[in-house]
Each structure stands twice: as structure tokens, then as C-alpha cells.
Amino acid sequence: ATLRLCVSACLRLSQLSPRLKLAIVEAGGPAYLVSIASGQDSIASSLPCTDDAPEAEQESEQPALRKSRTAPDVETQELAVFVLQSLSLSAEHAPALLEAGTIQYATSVLKETSDPKIRKSLWGTLQNLATHRPSLEAMVTLGMVPLFKHALSFPRGWAANDGSGTFEAALTLTRNSSLVESLRPALIEGGLVELLVDIASINEKPTNQLYAAQALKELSASSETQCLLEASGGISGLISLLGRGDDDVCSDLDYRARSPSRGRYTCSTTTGSSWFTSPDGDRQDDFLDDSVFRLQRRGKEVWASPSKAPPEVRDGDEDSTFPLTKSEQQSLLDEAVVGAIWRLSLADGGVYNAAILSAGAIPKIVSTLTNSRNLPLKSVCAGALLNLGYDSTQTKASIADAGALAALVQILSETSSAAKAGNDEVTRLRSFCVVLLKSLARLRECREELVDVGGVPVLLQTLRDEPLQEDIIWIIHNLTYDDECYKGVVHASNGIPTIIALLKSKNKAIVKSALGALQNLASSPKLRSVLGQHKGIAALSSLLISPDIEIVENAIQVLCAAVVECVANKLLARDAGILPKLVKLLSSDRRPSQTASALLLQSLSEETQVQDALRDGGCIVPLVKLLSSESETLQEIAAATLRNLAATNKRNRMMVVEAGGIAYFVKMLASSEKELVEDACGALQSLACDNDKNKQTIATLGGIEALANLLETGSPGVQLYAAGTLQSLATLAQNQELIANSGAIAHLLTQLSSGTALLQERAAGVVQNLLSHHDCRWQVVKAGALPLLLSILEADSDPKSTSHAAAALRNLAFEDDEGVVAVVEAGALPPLVALVSRGLPSEDTPQLEARLKALENAVAALVNVAILDYCKLALAKLGVIDVLAKCEAVGMTTAGGPRAATYDSKVAQMTLESIRKFATATLQSLSLEEFNVESISKARMKYQPPPPPEPEPEQQEEEEVVEEEAVGGAESRRAEASQTPLKV
């Protein structure tokens, strides 16, 4: 009875104050209580003897006393168990209870006794010790897993002779044991997985479903558990639990917390059983961190963690309890279920993904992601979706169809301010959302929807979050690849300067993705100037000194895209000092570097304002060396660049020739690559312009034969440049013979008859020059050139071609009676007169200078034809006198002084003066026939202004002498006007 009273007193003391509990523990109470509860006699041996009785009496009474205390009655044992349970309510006493053998005692008693009170109290004690890792390990080691299984075998949670609470305790112990990785194999081998599946799917109590789901989540890390879940239908059972709570009615689960100074936070059911999260103290590692019970509630974050108390709890306050609503309890359940799905989705080869998808997981997970206020749950949802759609295009499409993109964009938008505040959970959630967006953005339809839901501005704003920059800029890179409108959205969201700023990042992956995005944006003509306006050219140029050669090459590629047809950017690139760096890369051993730098130089060479800088920067010599490269691509780029540099710049042409460029270009004419041959022909055409030495060099190296062959076999572009080069080469007499003997005449006439307008013009130019050579002209005539030239004159569709045709007839008739006869017999007089009869073109006539040149050549041809008397008569009959008189009188002043300017263009005005001169010469030649004198006089009076007042007699005699000399010298002036054939 005394012993019973002592134990009863300990029970009462343990219920009054935590300090009294601590005193009992420090006095060795757990060991005594375990001994009493187990019926051992160790307590009797420790009782002191009384000093009042004689020693003999004490000796006589001691055995009896000891004997009477060796077998505590059942009531005393029950009280001792109750005290152990009360002490276990304080987590800091768990080590002492473990050391006293509480676990061993409880295990042995639960296997043997049927006393419902003792069993219930022992289960409660074990449940209170459930967060103490060593205690859990001791339970499993001592073989309690079968007891867990037995207790969990009752679907309603009620053992026949144990009373309520046993089921919950066993479930709690199972759930917390699953948190310890080393204990999971024992739980799996003990057959608890199937029971947990049944509890989660069938049990009517939401709290039990929650604990079972949490245990399955932890156990699902094992491949064996994953197989059992699939075989038992646990996957569909778990998914069916998602998203069932939607009200704020209080559940049977409380969220209890203590103030920070008291060092622990608990989560308990209203039935009184509880488990503890890790308390403060030196032995914190021995306690489980119950982080699964973090949740967001009523707009405030509540954390079940010893490092941070809920906002409502202040230091020094008493215990506080927050009843959870059903929706909040469902949030915890959803987190456990989605966590299990996440782990299942991580299995090799995604073997369980089909079962997860067939159970309808994606719409439920997306709905949870959208509607939940639990940030950790949102993170788990994003992670699960990421794994499910990792290597399946169809699954990604399903995730997008369920509305995930809008949800992810909304999360990023709503959590931006919290991320700036340094909230770790928000940072984790945003990271998962961005990675999931990156995965979905691999599909074009997902990128389209991302733009539609307003994702681009949000992503650009999120780019300021440094940990997320790599994935977001990757998304922007791929987004800008698709459509011009997407690029416009990026620009409208002020994305270009934001992306340019990333070029300064120390993360190479970020820089490379930013370069890719800028290259895509620069491919849009409307955005190239924007890139330059935001100092993008300077930022790109600064990357050319990067130690990472891939970044250098990518930066050059972006510059190539940025300067295309954008003069402003080309000038910015020139002024940024990139030319020496590019020249250095041209000599690099790395082929991509050579190609990228050569391409950029090619683009820059298209702008005449940059060509001097390219020459002065030393680009020409390395480019000429690239003409002998093993790479035909490099040869082509170098040839195109040199062609641009030589096109309009005489100094550049000189440097190309000095570097040996002509030999390389002639050699390239035999290449099978059309683009390379075209660039070589174009370069040779520029080099042959106005330089007889270069023309001779080209001919000496065999260029004429190669060009003649290309007139037949080359592409249209090659034929065009080949004809243009031959046109320049044909201005030299020695080259004219080579051209005539190379077989080029037949090909030229073919182009005259069926070539394009531009090719027809070039071919006519070559024929014109060949007809200036006395020996070559008859080869051209015999080949049938005259009818083709006359058809061009009659059609007069292209002023330049018409000019060349008229000049060809002019050359053929020059100082050659046979040539004149050939021209006349071919029927050339009517089309020549018709051309002259059209008169002078007006100032606004298209291609004014070419029109005037055609008229000049036609009049000059008439000068040459009028050498024969019968031609004079024929021309007069064709009415040419009136037209020539009109041309002669244009701009003439009344006093016969200097003529007034008719055209603003100097070239046009000079051509007009030649026309007047040839018109006068022709009229003078025609006036040698008496029947033309009167007509010429009338025509001149008609178009020339009235003569000045009559001079004094002496002056009149002097002028009459001049007039006679003029008439007498008409023949000599005609010869002077046409003393040389025209070559172009």
C-alpha cells in the first residue's frame, strides 16, 4: 500500500508541473518505475531501515518487509505505467526513459498481457516517444513491427480488447519509423505497406488516412515499396485522396505549439495522444524533424520547427493550440500523396508513370498546385509534374492542357515580393516552377500558351532573381526562336536591355543562353536597331576577349545577326574596336572561330563607311590567305568579303592584288561550288575595272577561257558576273582576240537572245567591245550578232542594253565602209533613227543617264553611217534632220553664247554635250549633199533662237568667212567626233 501511494504521488506530481517531472527523472524515477511495473524486487533492496527500532528487531523485520514488497500488486503496476506515460509527454525525458528500459518493458508486456489499461497506457507511452530516433530504433530492433501490424489490422481502428488509441498509436509509430531510413526495410518486410494502403484508401477517419499517406510517402523511396504500391492498387488509392477538403470546419487534428523558451512544438489529435517534433537542446539530432507539418494558414506562415515559432506564440507564453480546418488537414494529406507520387515518378524508366497517369493524377495535381495555399505542397506538386513529363511529350501536353502554365505564371507573379524578402520556402517553390516551365517550354504549343497567359513579362521580371536566371533565360532563348510576334512581346516587355545585362554574368550558361536569345531577337529587322540603342553592340564586343572561346564565337554570331542591313549597328561595331580581335581570330587554328569572324567581316564589308576601317585594320591579307583554306566555306566567305571590299574602293583593290588575290580567284573559277565561283567572278569583275594591268594578269592566268566556259555552264549569277568580267577584259585589244578565240561569242549571243535583262545588258557590252576590234568584229557579225542587236534596239526595254546595242553598231561602222554596209544591210537605220527621234528625255525619266547614253551612241552611229552618200539620202528620208537640229539647239542662247544647263546631273549634262556635238557633226555630214542643205537650214531656223542684231559691215564679212570655214571643215569635224570607237 505504501508503494502504491508513492507511485500515485509520483503520478500526481508529474501532472502538476514540468519542473516536478524533471525532478522525478533526475532522482532516477524511470528506472524505479520500470522495476515496479515489471514486478521486480529491486525497489525493496533500496529502501532504508529505521533507526528507532533495535538492531535485532530491524534484522528480524527486514526480511518480512522485503518479502512483502517483492511483488507489487496489479494496481501499483498500472500506476507505474501511467507515471511512465506522463513522463513521456515531455520529449526531453525520452533518453532517460529509453535508458531505464522502458522500450524493452513495453515490448515484452504488449506481447503477453491482455490488461486493456496497461496496454493502452504503454501504447500511449510508445507513441509519445515516437519522435525520439533511438527509441524508434529500439522498438523495431526489439521486434515491435509485428505488434504494429497486429494493431493496424483492424480497419475501424479498434482492437477487440485494447480500447481506443491502440490503432492510432501504432499508426503514429509506423509513420515516424518510416521517417528513419534505416528502419524502413523492417517495416516493408513486416508487411505494413499493404495495411497502410488499406488505411489510406478505406479508413473513415481523415487523420488515420493522413498518417498512412505520410508513412507511404516515406516508404515509397524503396523500389520494393513501389512495386507493392502498384500491385496492391495503392497508386490509384492515393491519388483518389487528392483535393477532397474544401471547407474551414475544424478537424480532429490540432496544431499545438509551445513558446520558444520552452523548446518544443507538437502536433496532436483531440484524443490526447501526441508526438513531438525536435526540441531545442544538445541532443537535437536524436529527434525527428517533423517538417511535413509546415503549412500556410490564414495568410500567415506557421512552421512546426523549433527554429521559428508561429506568429501567435511569444516567448514565455503557455502552450497554444491551433485547431486545423479540414481544408488544412487535407493540405497535409495532399502533400503526403503528391510526395509519394513524386517518388514513384523517380523510378528508373518511369515504370510507374503509366499507372499514375491512368489514375487521373495530372488534373488533380495541377488543381492542387493552382488552389492550395500550402507552399511546400505547391513545391511538391511542381516537382511531381516535372518528373512525370520529363521525357514524354504527350505528358507535357497533358500538363499544359490541365492549366499548369497559367498556374505557374501566377505563382511566380504572386511570390516575387516574398522572394525578395529571402523566404527559403518561396525560393524553393519558385525554383521548381521555373524548372517545370523550362521542361514544358520544349513544346511549341506550350510556348504559345505561355505567351497567351502573359508569361513573358513575368519571366522577364523573374530574371532579376539570380538563382533562377539560367533556366529563365533558357526559356526566353527558345521562346524567341519561334515567331516574330513572340520577339515583339519580349521587346514590348522591355526584355532586350534586361537580356543584355545578363551578358555580364559570371555564369557561362547564362551568358550563352542570353547570347542565343539576342541572336534570335536580332534576326528581326525591326529589333536590330533597338539592340544597338541599348548598348548591346558594345556589350557583345566586350565578350570577344572572354577566355571561353564558345562565348566569343556566340557573341560574334549575334553581332553578325545584329549588323545585317543595319548601318547604325555596323558603325557601332566599327567604333567598338572589334576589328583587331576579328583579324586575330582569322588566323586561329579553330575553324568555328575563323568562320564566325569571317562572316562578321563579310557583313561589315557591305557598308562602304566601314571598308576603310577594315583595310586599315589589316583584314585584307588574312582574308586573301583564307582563299587557299581547306574549307570551301571559308573560301566562299573570304571571296565574298574581298569582292565587297574591292567593289567601290580603289585602294582596297590594290591591296587585294598585292596580296596575290587574282591568282586565287582565277583558280576558284574551276570549283564545283556555285557560290564560290560566283564570288570569284564578282571579285575579278571589280579587280578588272579601270586597271589594264589587272586585266592582263587575269588573261595571262587563264581567266578568259574559264570565264567563257562559265557563260555556258555556270549558274545565272555566275553567268552574270562572268559576262561583266569579260566586258571589262574586252576593252584591251589583246584580250579581245583571246575572247573571240575562246568560244565565248556563241555563248554571248545565246544570252543576247534568251538571257535575263541584266545578263543581256552585260553580253551586249562584251559584243560592243569586240566589235571595236577590226579582226574580231567579223567573227561576231558572222555569228549572227546584228539581228540580235537590232531586236534590242527595237524593243528598247532596258536603256543600258539599248545603249550597248547602239554603241555596238557605232563601233562596227567606225572608219569601215564594209562595216557601214553591214549595218545598213542589216536594217539598222530605221531603229537608230527611231531611237534618235524619241528626243531628249525629261529630268524625271527613270535611268536618265542610261537613256542619254543610248541617244548619244545612236547619234554617233549615224555620224559613222553618214560617211556613205546613199546613207545621207536614206537618213534624210527617214526624217533625221529635224530631230538632230532639235538636239543641236537644246540650251542655246539668243546671242549664241554658252548653252544653259538642261540637267542637274553632271554626267547627264556632259552626255548631252556629246549628243549636241554628234548631232552637229551628222548635220554637217548630211549638208555635203545639196539636197539636204535647205532642209538643214530650215530645221535650224525652226529650233534655234533668232539671230542677234546685224553687226557692222566689217564684222559681217568676218563672220561670213568663219561660216565658210565651218562648212568647208564639216568633214574634218565629223572625223574628229568619231575618231575612236567607244568601249565600256
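Predicted model: local features only at pLDDT ≥ 70, side-chain atom pairs only at ≥ 80, totals over all residues.

Visitor: Why is Arg 430 called buried?

Guide: Buried means under 20% relative accessible area. Arg 430 has 3%, so the word applies. The residue lies in helix H25 (residues 424-440).

Visitor: What makes the pair Asp 465 and Arg 430 a salt bridge?

Guide: Their side chains meet at 3.5 Å, N to O. The cut-off is 4 Å, so the pair counts as a salt bridge. The pair links distant parts of the chain, 35 residues apart, with Asp 465 in the loop between helix H27 (455-462) and helix H28 (469-479). The side chain of Arg 430 also reaches the backbone oxygen of Leu 412, at 2.9 Å.

Visitor: How do you know that Glu 553 and Arg 590 form a salt bridge?

Guide: The N to O distance is 2.3 Å.

Visitor: Why is Glu 553 called buried, and why is Arg 590 called partly exposed?

Guide: Glu 553 has a relative accessible area of 7%, which is under 20%, so Glu 553 is buried. Arg 590 has 34%, which lies between 20% and 50%, so Arg 590 is partly exposed.

Visitor: What makes Lys 853 partly exposed and Glu 856 buried?

Guide: Lys 853 has 27% relative accessibility, between the 20% and 50% limits, so Lys 853 is partly exposed. Glu 856 has 6%, under 20%, so Glu 856 is buried. Both lie in helix H55 (residues 848-865), 3 residues apart, and their side chains meet in a salt bridge at 3.1 Å.

Note on methods. Residues numbered from 1 in each chain as written. Heavy atoms only, no water. Helix = DSSP H or I, 4+ residues; strand = E, 2+ residues; numbered from the N terminus. Buried < 20%, exposed > 50% of the residue type's maximum accessible area, 1.4 Å probe, protein only. Polar contact = N/O pair within 3.5 Å; in protein donor to acceptor, adjacent residues only side chain to side chain.
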